[in-house]
Amino acid sequence: PQSIWLTPDGQWRLGGWGYSLEVEMSESSTPCPYFLSSGPGAMGGKAPPVGPSLTYAAPELSNAATPGGAPAGLTPSADMFSVGLVLAELFKSSSSTPSGQYQPVLSFDATSPLAHRDAVVQLLSPGSLQGLFGSLSSQEPSVAQAVHALLSPNPAHRPDPSSVLTNAIFHQTGVTTLRRLDSLPALSQRDPTGVSSFLTGQLPGALALVMPPRLRRTAV
């Protein structure tokens, strides 16, 4: 979430590309060079002094940290696991603290790839998943369905971005209101009357449907 930025003029930006890996068009995956347990550059299961954050990482990212583990063949499905963790964090009823900050779904020593693997195993255990999905279902059933698919331990079973975007949560009034707010800077010159009508007529009633509540203030 720290890599999702909102500019002063209301534009969304995605940062944090320092450790991104490119998949060649001719290949279906790319090896993960981080956290090797043996060979050149091995860290013995420890994170390098500077490396990608593991808080929202897919289980295959730290596969090589396990003794005997081979570098994972990463695909875009690894990003979809991360999307599932972000969605779960946003909607999980117990994730918001009194200070208004959210707590990651994975709780572990983020400097240790081995701790990351243990945390993922714990998260994906039947009892833990049942509690997570129960909490999400009480907030938004469609979110629980999306997270269930996104957190599949098998990368091949995770949905792609276009499939996730068909989920009902992205077509609710609150979400479409946010999209309309994003488009206002461009529309203000072409259709000022329509923009004024939206701000004074539709927006006040729709804001209550923007969830979670803190997003209302940020978006406006």
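Author: Axes here are lines fitted to C-alpha atoms, for helices over the stretch in contact, and angles run from 0 to 180 degrees between N-to-C directions. With that in hand, start with the pair α1 and α4: their axes come within 8 Å and cross at roughly 145°. The names follow DSSP runs numbered from the N terminus, helices being H or I with at least four residues and strands E with at least two.

Before going further, keep in mind that this is a predicted model, in which local features need pLDDT of at least 70 and side-chain atom pairs count only at pLDDT 80 or more, while totals for chains, interfaces and linings use all residues. Residues are numbered from 1 along each chain as its sequence is written, and side-chain values use heavy atoms, with hydrogens and water left out.

Back to the pair. On the α1 side, the residues that meet α4 are Met-80, Phe-81, Val-83, Gly-84, Leu-87, Ala-88 and Phe-91. Their partners in α4 are Val-143, Val-147 and Leu-150, where contact means heavy atoms within 4.5 Å. Val-143, Val-147 and Leu-150 are also among the buried residues of α4, along with Ser-142, Ala-144 and Ala-146. (Buried is under 20% relative accessible area, exposed is over 50% and partly exposed is in between, with a 1.4 Å probe and protein chains only.) The cover over that buried set in α4 includes α1, α3 and α5.

Ser-142 deserves a stop of its own. This serine sits in helix α4 and counts as buried because its relative accessible area is 9%. Leave out residues up to four places away in sequence, and Ser-142 touches Asn-167, Ala-168, Ile-169 and Gln-172. Take Asn-167 from that list: Ser-142 and Asn-167 are 25 residues apart in sequence, yet 6.8 Å apart in space, C-alpha to C-alpha.

Now for α3, which covers residues 126-139. Its 14 residues reach 20 Å from the first C-alpha to the last, close to the 20 Å expected at 1.5 Å a residue; the expected span is 1.5 Å times one less than the number of residues. Leu-129, Leu-132, Phe-133, Ser-135 and Leu-136 are the buried residues here. They cover an arc of only 160° around the axis, so they end up on the same side of α3, the arc being that of the directions from the helix axis to the C-beta atoms. The other side of α3 carries exposed residues: Pro-126, Gly-127, Gln-130 and Ser-138. As for neighbours, the buried residues of α3 pack against α1 (77-91), α2 (113-123) and α4 (141-150).

Helix α2 can be read in a similar way. Pro-113, Ala-115, His-116, Ala-119, Val-120 and Leu-123 are its buried residues. Their arc around the axis is only 150°, which means they lie on the same side of α2. Asp-118, Val-121 and Gln-122 are exposed on the face turned away from that buried side. Both α1 and α3 are included in what covers the buried residues of α2.

Thr-55 is in the loop between β3 (30-31) and β4 (73-74), and is buried at a relative accessible area of 17%. Beyond its neighbours within four places in sequence, Thr-55 is in contact with Leu-85, Pro-104, Leu-106, Phe-108 and Ala-110. Leu-199, on the other hand, belongs to helix α7 (residues 192-206) and is partly exposed, with 38% relative accessibility. Setting aside neighbours within four places in sequence, Leu-199 contacts Leu-184 and Pro-204.

Stepping back, the chain has 8 helices and 4 strands, and from the N terminus on the elements run β-β-β-β-α-α-α-α-α-α-α-α. Of its 220 residues, 37% are buried. Among contacts with a separation of 6 or more, 57% are between residues 24 or more positions apart.

Over residues 38-45 pLDDT stays under 50, and the model has 11 contacts for them beyond four places in sequence. Where pLDDT is low, the predicted coordinates should not be read in detail.

Terms used. pLDDT = per-residue confidence, 0-100.
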